Amino acid sequence: MNKTYLGLGSNVGDSLLIVKNGISTIDSNRSCTVTGRSSFYETTPYGNLNLSNFINCVIEVETEFESLELFDYTKALENELGRKQREHWGPREVDIDILLFNQDVINSGKLTVPHSDLINRDFVLIPLLEINDALIHPVSKKLLRDYLNTNMENHILKKLK
């Protein structure tokens, strides 16, 4: 069994409902079990600042999928949940990112793990640490919580229930 952490976000439509539907769909897949979930957070956009606010959260998943199988599954699920292809950094009905996969370091044409911006995004790092504050970055071997003390931009507006 593999342990992975997925970041989910949305800023189009009923974002909270879309993210919740994504979580329940992942949990209902016979190859996945959601074992942890952060709070939901309302966040400002990252990258393209001329967008609506996002709803973000992180989930911990135990999965039988290997990393590239999980990547293909999450991309298919984004489409199933209504994601439309738009410009890079554009609005998103749903976005599902593989943040960590075991302690693997993956650099393929399709997938980079740990997620390349993991330590730069408070809306990813804070929810991730809410689930497990002892996580170690697979490349630097530093505790992820040590990255909170950097000059990270603040995108979290509020924590939701």
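Tutor: Arg-83 and Glu-78 are joined through their side chains by a salt bridge, with 3.3 Å from N to O. This is a predicted model, in which local features need pLDDT of at least 70, side-chain atom pairs count only at pLDDT 80 or more, and totals for chains, interfaces and linings use all residues. Residues are numbered from 1 along each chain as its sequence is written, and side-chain values use heavy atoms, with hydrogens and water left out.

Student: Why is the contact of Arg-83 and Glu-78 called a salt bridge?

Tutor: The term requires a side-chain nitrogen of Lys or Arg within 4 Å of a carboxyl oxygen of Asp or Glu. The N to O value for Arg-83 and Glu-78 is 3.3 Å, so the pair qualifies.

Student: What makes Glu-78 buried?

Tutor: Its relative accessible area is 3%. Buried means under 20%, exposed over 50% and partly exposed in between (1.4 Å probe, protein chains only), so Glu-78 counts as buried. Salt bridges that share partners also join Lys-75, Glu-78, Arg-83, Arg-92 and Asp-95 into one network.

Student: How many salt bridges does a search of the whole structure find?

Tutor: The search finds eight. One of them joins the side chains of Lys-110 and Asp-72, at 2.6 Å from N to O. Lys-110 lies in the loop between strand 6 (106–107) and strand 7 (112–113) and Asp-72 in helix 2, so this pair ties together parts 38 residues apart in sequence. Helices (H or I, at least four residues) and strands (E, at least two) are DSSP runs, numbered from the N terminus.

Student: Why is Lys-110 called partly exposed?

Tutor: Lys-110 has 45% relative accessibility, and therefore counts as partly exposed. Asp-72, at 39%, falls in that class too.

Student: Are Asp-117 and Arg-121 buried or exposed?

Tutor: Both are buried, and their side chains meet in a salt bridge of 3.2 Å, N to O.

Student: What makes helix 3 mostly covered?

Tutor: Seven of the ten residues in helix 3 (residues 122–131) are buried, among them Phe-123, Leu-125 and Leu-128. The cover over the buried residues of helix 3 includes strand 1, strand 3 (41–43), strand 4, strand 5 and strand 8 (156–159).

Student: Which residues does Ile-23 touch, not counting residues up to four places away in sequence?

Tutor: Ile-23 touches Leu-8, Val-34, Arg-37, Phe-40, Cys-57 and Ile-59, where contact means heavy atoms within 4.5 Å.
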